[in-house]
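Reader: I am new to this structure, and I would like to learn how to read it step by step. Could you take me through it?

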Amino acid sequence: MSISTDSTSHSELSFSGHIELIDETYSGNEIVLIDKMQAVWRRSLQYALPRAFEGRLFDVVTCLREGMLNALLHGCEESAEKTCSLLITYDPMRRALNVRIDDPGSGHHFTPKLETPEVLGIGHTPFGLTMIQHLSDECKFENEGSTLMFTFVDKKST
Amino acid sequence: MKTSAKYIAGKRQLTLTVKGDLLSTNAEQRHEEIMELLQKSNEPREHVRLDLGTAKMIDSVGLNLLLGVVRFVREEGSKVSLRITSPSVNRVLAFSQFDRVAEIDFRDKDAPED
């Protein structure tokens, strides 16, 4: 799969007319900077949407972290030669924050709405994607799983 | 060390206070600290309380850390409870049905202690 890091093509694909908040490309070896990335995303969202998503900001940040860790670790295999992209847009009409993460991996076979993890038997199962599905309002995969899209709707403002 | 311990003899309760978020980048260190304190404590205990009152978020690796600690404590026969103040952490624990293995004490960080 080829990755488009061009914001125009992303916007035309899925988020036409939305306000672009973050459009970044990261190399796989930047996974060690995930805490710094997370701090930038959080501050950017707080600055751009100061009164939106009150009480859910850390849900959004948790999903961004999980989605990007998945892309950097599995999609890019932590390689400096491979990149993944993060696009965050805001739809003022729906008051919805849309996130799209593309990675160059071969995807995965994640079953949407995976059963709720059984904590007694979960072991060290990576279930970051399940967290995203539960915390966000909408979540879907494209390109056989190498594109992750999720949405948070600011319900308090509607 | 970001983790500290306090023993209340009357309740046979060991409280472990863990500072900050539980994330992939610090989970291993926090796990080592918690396990060290659990193993160092010689007092008889029936209840281990994990105070995560300063955690604003937890990721999947942090959640696995918690599961490992809870399993260890339950296997030794003690009850486990988690004190949390973050709605986001509470939602993660709720959908993962963490309340099946540990008591969840979710309250505002300014609420008085029992």
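Author: Gladly! Let us begin with a term: buried area is the accessible area (1.4 Å probe) that two parts lose on being put together, summed over both. The size of an interface is often given as the accessible area lost when the parts come together. Here, chain A and chain B bury about 2,100 Å² between them, and 59% of that is on carbon and sulfur atoms. Please keep in mind that this is a predicted model, where local features need pLDDT of at least 70, side-chain atom pairs count only at pLDDT 80 or more, and totals for chains, interfaces and linings use all residues. Residues are numbered from 1 along each chain as its sequence is written, chains are lettered from A in the order in which they are written, and side-chain values use heavy atoms, with hydrogens and water left out.

Reader: How many residues does each chain bring to the contact?

Author: Contact means heavy atoms within 4.5 Å. By that rule, 28 residues come from chain A and 22 residues from chain B.

Reader: What is the count of salt bridges between chain A and chain B?

Author: A salt bridge is a side-chain nitrogen of Lys or Arg within 4 Å of a carboxyl oxygen of Asp or Glu. Between chain A and chain B the count is two.

Reader: Which elements of chain A give two or more residues to the side that touches chain B?

Author: Helices (H or I, at least four residues) and strands (E, at least two) are DSSP runs, numbered from the N terminus. On that side of chain A, the elements are α2 (34-48), α3 (57-75) and α4 (128-135). The most comes from α3(A), with seven residues.

Reader: Where in chain A do Arg65(A) and Asp35(A) lie, and is each one buried or exposed?

Author: Arg65(A) is in helix α3 and Asp35(A) in helix α2, 30 residues apart. Their side chains form a salt bridge, with the closest N and O atoms 2.8 Å apart. For accessibility, buried means under 20% relative accessible area, exposed over 50%, and partly exposed in between (1.4 Å probe, protein chains only). Arg65(A) is buried at 0%, whereas Asp35(A) is partly exposed at 36%.

Reader: Which residues do salt bridges with shared partners join into one network?

Author: That network holds Asp35(A), Arg65(A) and Asp59(B).
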